[in-house]
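Could you walk me through reading the features of a model, one at a time? I would like the general idea each time, and then the case at hand.

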Amino acid sequence: MPASWKYFAFRTLNMVVVLVIVVLILSASYSTLAERELETTARSQAQNDLEAAEGVDNPTEFLERRTEHYRRRYNLHIPRWQRIFYSAWDVLTLDFGTSQEITYGGSSYVIDIIMGYLPNTILLFTTAAFIYTAMGIAVGLKAAQVAGSKLDKFLSLFGITASSLPMWWVGMLAILIFVYTLGWFPRPEPRFPRIENLGLLGYIREILYKMALPLITIIFVLFGGRAWVTRNLVTGILQDDYIMAARAKGIPERKVIYGHTLKTAAPPVITSAILALLMSMGGAMISEIVFQWPGMGYLLRRAIFWQTDVPVILGISFIMSFLFIFGYYLADLIYGFLDPRVEVGSQGASR
Amino acid sequence: MVRLEDLKADIIETLTEFKRHKIGLIGIGLIAFMILVGLLAPVVAPGVADDWDRGHPRWNQNPSQAAPVWVDWITRDDYARQEHLQDYEYEEVERTGPNYHRYTFTYDMQADRLPKEIFFEYSGSADRYTHRRIIIERPDSPELEGQAGFRTSGNLVIVDEPRSEEGEFRETITTMRRMSIRDNLYTQIRAYQRRQDYNWSDPGSRDVNPVQTIFGQANENWLETPDPLKGEYNITIELTGNNLELDEADVHIGGAVYGVFGTDRDRRDIFLGWIWGARFGLYAGGIVALTTILFSTTYGMTSAYYGGWVDEFMSRIHEIIMGIPTLPILIIVLEFYSNSINMFVLIYALLMWRGAARVIRARGLQVAQDTYIEAAESLGSGSARIITKHMIPQILPYAVAQAALLVPIVIMAEAGLHILGLGDPNIVTWGTILNDAHTAQAVTHWQESWFWILFPGLGMVVIGFGFISTGMALERIINPEMKQR
């Protein structure tokens with residue numbers, strides 16, 4: 001189908017353009033600070049060389065020569081706009097440099113550190129996402145079927161309330177009540193249990209126990225909104241003429257819901273679920289700090305706390321941007337795949 | 001321009017419609033209430049945003065982590081209130097050598113939950129040398145012995161120290177902050193215990209709570225978990241010195257309950273900060289909402305009205321903006337440039353209109369095809385007139401509904417940035433208060449910090465509920481297809 005190839009190519013191009021723009025914005029914002037730091041480093045390294053060298057005839061000249069040498073090494077001799085492109089390239093090739101304060105598994109390369117923390121975020125966040133999306137869609141469908149009923153009204157109220165809850169604040173309350181007052185869950189700690197001491201089953205049990213409260217919190221906060229959005233999308237479709245026609249023809253309600261309605265509802269429901277997932281990533285990162293869950297948000301808080309850890313902050317920002325942009329791209333592709341009516345161009349954007 | 005009468009008629013019509021949406025009405029009420037709170041902040045709590053720094057003298061006489069004052073009304077226990085002791089007797093003895101001044105304050109303690117603090121303050125001037133003593137005469141007058149052989153005839157000596165002083169001096173003594181007070185009390189009570197020959201528990205001087213001990217019954221729990229001893233206490237501040245002149249002396253009792261929302265660990269009144277939190281939150285949310293209405297309407301209308309290649313080009317730009325992730329940009333800019341709230345507002349204003357713009361454009365395309373637009377065109381109306389007179393009134397409610405949904409998102413994001421360590425340090429928002437609670441590990445003690453965590457978040461929930469329900473009701477009114485069957 002040529003049309004869908006066109007769609008695919010168009011979306012890919014769009015993603016690449018966005019990615020390049022975002023990386024340029026990131027490295028441009030970062031270059032001022034990096035320049036200042038590198039100048040200081042070059043000067044202090046030249047000073048070190050001077051102290052190490054013996055019998056220098058002209059110390060001032062030596063210092064200048066060495067400083068120039070290091071400035072060249074750090075690309076400080078070229079104009080800033082060029083350096084922005086260089087550092088953008090570094091970022092795109094995942095070369096973020098090294099961290100001064102944080103190490104992971106003995107490595108202080110930023111990419112190693114991030115790759116060490118990222119799986120923990122994915123573990124918590126993706127598990128939660130699967131559960132709350134499934135629950136949200138199921139409950140939303142049910143509510144749409146019985147629109148106007150008590151369940152439906154309660155869901156609306158719950159959806160609005162849950163949407164106005166900051167997830168990390170609910171997390172703080174949950175820790176206050178369920179960990180320290182009632183003692184039902186373990187104390188939040190950034191350390192994970194070690195598999196060597198527990199065996200596989202014991203390890204999984206420990207992880208689940210540790211994960212339980214953050215998981216319940218995320219699901220509690222996000223599931224209401226998801227169910228509500230699903231319900232609104234489906235009730236909208238249920239009012240369409242062809243559904244009325246199907247009902248009038250005497251097609252059983254079950255078939256109307258699961259056959260006709262779901263077919264139409266699937267693309268927006270799935271796409272909006274993916275997008276909501278991407279959007280809630282930020283909230284989940286802050287929750288990680290509250291729950292002391294050793295993921296990206298926790299790492300970011302540490303890097304910001306240390307002030308000097310610019311490469312880590314840049315690295316996390318890029319990885320987050322990349323996950324977001326790529327997720328957005330995937331959501332678009334899935335939408336196009338599920339809903340063949342989507343066209344490229346202005347019509348496509350108006351959905 | 002949009003004719004004012006038309007706009008007024010539209011607004012009145014929308015408001016009449018609103019009456020049928022109960023949740024929307026509640027939402028409008030909540031928004032109005034919070035806006036009022038925000039507007040009144042400089043009147044109710046002047047200067048609080050500037051004084052919110054840790055250790056600012058403004059909060060010096062408050063108790064630390066005291067519960068809200070209404071806890072006293074809803075529980076059976078009687079909580080000690082914040083008090084400035086007014087009744088005192090003054091005694092001054094002029095002598096050729098050192099003269100001495102003595103202030104004796106009376107405090108009637110009738111609470112089950114003991115005060116959290118006692119603050120002593122005095123100022124004056126002296127030639128060279130002064131000696132300060134603070135003595136507490138309890139209703140039960142136990143046979144106590146002071147330290148270093150001082151006979152104090154049944155009173156607790158909590159401060160007894162010489163000072164070298166020349167000229168003016170001013171001192172504030174806070175019971176919980178002075179290690180020496182705790183140690184003095186411990187020594188005296190242990191000596192008393194030994195004479196009584198009781199088998200009393202001894203937690204060690206480190207775990208003695210000085211204020212609780214001062215107001216505790218002389219029994220086996222005295223040092224560890226004192227039972228309140230009700231009655232009249234005489235608190236004496238006694239200063240001796242050469243040519244000593246005292247300007248004033250003051251005693252404040254730090255309540256077990258304080259203020260509408262209690263106090264945080266640094267003695268700040270949470271309610272006063274909360275009011276300013278509403279102000280700053282609504283400031284950020286309001287500006288982003290206004291710019292969203294402006295940008296998205298301008299964008300959507302231009303794109304929809306001109307159509308063709310203009311629409312095509314603008315849609316491409318829009319798709320690119322749509323894909324820009326907000327949080328990483330925020331992190332980089334706030335960390336490396338400036339973490340002021342205005343920078344945050346600027347970034348959000350530049351990025352957040354994109355969602356609304358899509359809705360506006362889609363709606364604009366529908367309106368542009370309406371027959372009356374065609375009629376207006378054939379009557380010779382210019383494009384500016386058609387856009388402002390015919391299209392904008394049709395579109396504006398959509399933009400308003402979208403912008404209303406944004407306000408809580410902005411407020412929550414701002415608060416979250418404080419947890420990340422990227423919040424504006426010069427203001428106080430709900431995020432500032434919650435971040436303090438988080439870094440102080442407030443989550444570990446229910447009794448002393450539930451109010452510290454609960455109320456700032458509740459502010460966000462109230463504003464969130466208000467704007468989301470209003471926005472939803474507005475959407476239902478302008479887009480009746482969304483109504484339930």
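This is a predicted model: local features need pLDDT of at least 70, side-chain atom pairs count only at pLDDT 80 or more; totals for chains, interfaces and linings use all residues.

Q: Let's start with domains. Which domains does chain A have, and how far apart do their centres lie?

A: The assignment for chain A gives domain 1, covering 3-92, and domain 2, covering 110-344. Their C-alpha centres lie 38 Å apart. As for the contact between them, 17 residues come from domain 1 of chain A and twelve residues from domain 2 of chain A.

Q: Which element gives the largest share of the domain 1 side in chain A?

A: That is helix α1 of chain A (residues 2-52), with 16 residues on the side of domain 1 that touches domain 2. Sorted by class, this side of domain 1 of chain A holds 13 nonpolar, one polar and three charged residues.

Q: And how is chain B divided?

A: Chain B also has a domain 1 and a domain 2. Domain 1 of chain B is written in two pieces, 4-56 + 269-482, while domain 2 of chain B is 73-254. The centres of these two domains of chain B, taken over C-alpha atoms, are separated by 54 Å.

Q: Now the interface between chains. How is the size of an interface often given?

A: Often as the accessible area lost when the parts come together. Here we can look at residues in contact: 51 residues of chain A touch 49 residues of chain B. Several helices of chain A give two or more residues to this side, among them α5 (150-163), α9 (253-291) and α11 (310-338) of chain A.

Q: Which element of chain A gives the most, and what classes of residue are on that side?

A: α1(A) gives the most, with eleven residues on the side of chain A that touches chain B. By class, that side of chain A has 31 nonpolar, 19 polar and one charged residues.

Q: Where is the kink in α7(A) centred?

A: The kink in α7(A) is centred on L201(A), and its angle is about 90°.

Q: Next, a single residue. Why does Q447(B) count as exposed?

A: The idea is to count neighbours, with 12 or fewer meaning exposed. Q447(B) is exposed because it has 8 C-beta neighbours inside 10 Å. Q447(B) sits in helix α14 of chain B (residues 446-478).

Q: Finally, strands. How do the strands of a sheet pair?

A: They do so through backbone hydrogen bonds, either parallel or antiparallel. In chain B, β2 (residues 88-93) and β3 (residues 99-109) are antiparallel, with six bridges. β2(B) and β3(B) form a hairpin with five residues between them, and E92(B) stands opposite H101(B) in β3(B). Among the six residues of β2(B), the count of buried residues is zero.

Q: What is the strand order in the open sheet of chain B, and which strands are at the edges?

A: The order of this four-stranded open sheet of chain B is β1-β9-β4-β7, with antiparallel pairing. The edge strands are β1 (83-84) and β7 (167-174) of chain B, each pairing on one side only. Strand β4 of chain B (residues 117-126) and β7(B) share eight bridges in the antiparallel sense, and F120(B) has I173(B) in β7(B) as its bridge partner.

Conventions:
Residues are numbered from 1 along each chain as its sequence is written. Chains are lettered from A and ligands numbered from 1 in the order in which they are written. Domain bounds come from an automatic or database domain assignment. Two residues are in contact if their C-beta atoms, placed from the backbone, lie within 7 Å. Ala, Val, Leu, Ile, Met, Phe, Trp, Tyr, Cys and Pro count as nonpolar, Asp, Glu, Lys and Arg as charged, and the others, Gly among them, as polar. The bend at a residue is the angle between axes fitted to the seven residues ending there and the seven starting there. A residue is buried if 20 or more other C-beta atoms lie within 10 Å of its own, exposed if 12 or fewer, and partly exposed in between; C-beta atoms are placed from the backbone. Two strands pair if DSSP finds at least two bridges between them.
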